[in-house]
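Have a look at the model first, then read on.

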Amino acid sequence: MSNMKLNELLEKYPYVKDIFDSYNLTLENLDITLDQFLESINEDELQEHGVTKNEILATINNLIEEIKEIEEEEAKFNVETLTILGGFDKSGQKEDVEITIKKGEIISVVGPTGSGKSRLLADIEWLAQGDTNTKRTILINGQKPSLDFRYSTDKKLVAQLSQNMNFVVDLTVREFITLHAESRMVLNTEKVVQLIYEKANELAGERFDFDVPITSLSGGQSRALMIADTAFLSKSPIVLIDEIENAGINRKKALEILVSNDKIVIMATHDPILALLADKRLVINNGKIAKIIETTKEEKEILPALEKIDQKLLSIRNKLRDGFVINEIYMEV
Ligand SMILES: Nc1ncnc2c1ncn2[C@@H]1O[C@H](COP(=O)(O)OP(=O)(O)OP(=O)(O)O)[C@@H](O)[C@H]1O
């Protein structure tokens with residue numbers, strides 16, 4: 001380590017810069033080794049900070065060890081595919097499916113109320129191994145996953161945005177996001193915190209302040225916050241979304257920020273727009289995946305028309321909310 005040039009060291013481990021900054025050490029020439037740099041530091045300068053060269057070196061080594069451990073953990077996190085092996089429907093009939101979802105795909109889950117959409121998401125979240133009421137099995141990269149992921153609170157393979165988000169901790173919005181960003185060791189915490197706050201407000205119907213307690217947020221605002229938080233801070237490669245449409249938030253924007261090339265997004269929905277935004281939809285009936293439909297080109301083409309109808313409905317809803325009487329102008333679709 002001490003033989004590494006500063007520019008290589010900082011490129012590989014940018015956090016090391018924070019250690020130098022904390023001792024007010026200016027890095028002028030990055031083309032020298034860490035050893036040479038430490039040798040060049042004035043002893044008096046170090047005494048001011050009550051630290052020795054060896055202690056600085058040890059701090060750097062510890063930090064790098066921690067980063068390596070995090071990177072090894074993250075490698076276990078790489079999900080190329082997720083496979084659902086069918087179990088049994090509500091009547092005990094075999095669910096004859098095997099579906100493999102690839103990284104970068106968006107899948108919607110549709111079906112009547114009570115048909116088993118949330119159950120499918122729960123099976124995925126639990127990484128079911130024939131041990132839920134559906135008897136489904138979930139494989140990751142074609143294999144049985146480590147079930148440690150079930151109980152891990154910080155290293156979750158699956159991030160779940162469920163229908164009800166109730167906060168119980170006594171933190172402000174700013175404190176909540178900052179705490180999470182710090183635990184994720186993101187660079188530029190302040191910037192990320194600001195970004196999440198802004199995005200959450202874009203998604204939420206009504207704006208909320210940075211310094212309000214999270215317990216005072218409305219259902220829609222809480223979900224908007226969790227969506228933005230998941231989008232920018234969660235490393236989970238699989239994101240499950242359960243009925244985003246009921247929260248009164250901007251659904252399309254929410255999906256835009258959640259979807260990224262290296263994630264699998266699976267959402268249960270009653271909303272035709274969200275359903276058609278997906279690459280494929282799983283149709284659930286009586287507790288089983290009854291059909292797997294690839295979204296057709298024609299279906300994608302009718303999306304703008306559907307969005308127009310949706311906008312119209314939204315504006316009528318807002319007029320009603322604001323106490324207006326609806327007249328013919330608003331009824332023209
Ligand atoms: N294959 C199955 N075998 C046994 N029970 C099942 C199966 N699939 C779903 N269920 C059960 O059926 C009930 C309704 O399922 P679920 O809540 O998932 O429906 P849903 O489609 O999400 O409904 P909604 O649209 O109202 O949210 C749950 O109790 C669930 O555990």
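Predicted model: local features only at pLDDT ≥ 70, side-chain atom pairs only at ≥ 80, totals over all residues.

Residues are numbered from 1 along each chain as its sequence is written.

Helices here are DSSP runs (H or I, at least four residues; strands are E, at least two), numbered from the N terminus. The axes are lines fitted to C-alpha atoms over the stretch in contact, with angles from 0 to 180 degrees between N-to-C directions.

| Helix pair | Axes come within | Crossing angle |
|---|---|---|
| Helix 8 (residues 173-183) and helix 9 (residues 189-203) | 9 Å | roughly 130 degrees |
| Helix 8 (residues 173-183) and helix 10 | 11 Å | roughly 25 degrees |
| Helix 10 (residues 219-233) and helix 11 (residues 251-258) | 9 Å | roughly 20 degrees |

Under 35 degrees counts as roughly parallel, over 145 as roughly antiparallel, 65 to 115 as roughly perpendicular and the rest as oblique. Helix 8 crosses helix 10 at roughly 25 degrees, so those two are roughly parallel, and their crossing is right-handed. Helix 10 and helix 11 are roughly parallel too, but helix 10 passes helix 11 in a left-handed crossing.

Zooming out, an automatic or database domain assignment gives domain 1 (6-76), domain 2 (81-301) and domain 3 (302-333). The C-alpha centres of domain 1 and domain 3 are 59 Å apart. An unreviewed UniProt entry annotates residues 53-80 as "coiled-coil region"; such annotations may be inferred rather than shown by experiment. In the model, that span is 86% helix and 0% strand, with 44 Å between its end C-alpha atoms.

Now the ligand: which residues are closest? Gly 116, Lys 117, Ser 118, Arg 119 and Gly 287 are, out of 16 surrounding residues (C-beta atom, placed from the backbone, within 6 Å). Helix 6 (residues 117-125) gives the most to this shell, with three residues. By class, the shell has two nonpolar, nine polar and five charged residues.

Definitions and conventions:
Nonpolar A, V, L, I, M, F, W, Y, C, P; charged D, E, K, R; others polar. Left-handed = near helix turned anticlockwise from the far one by under 90°.
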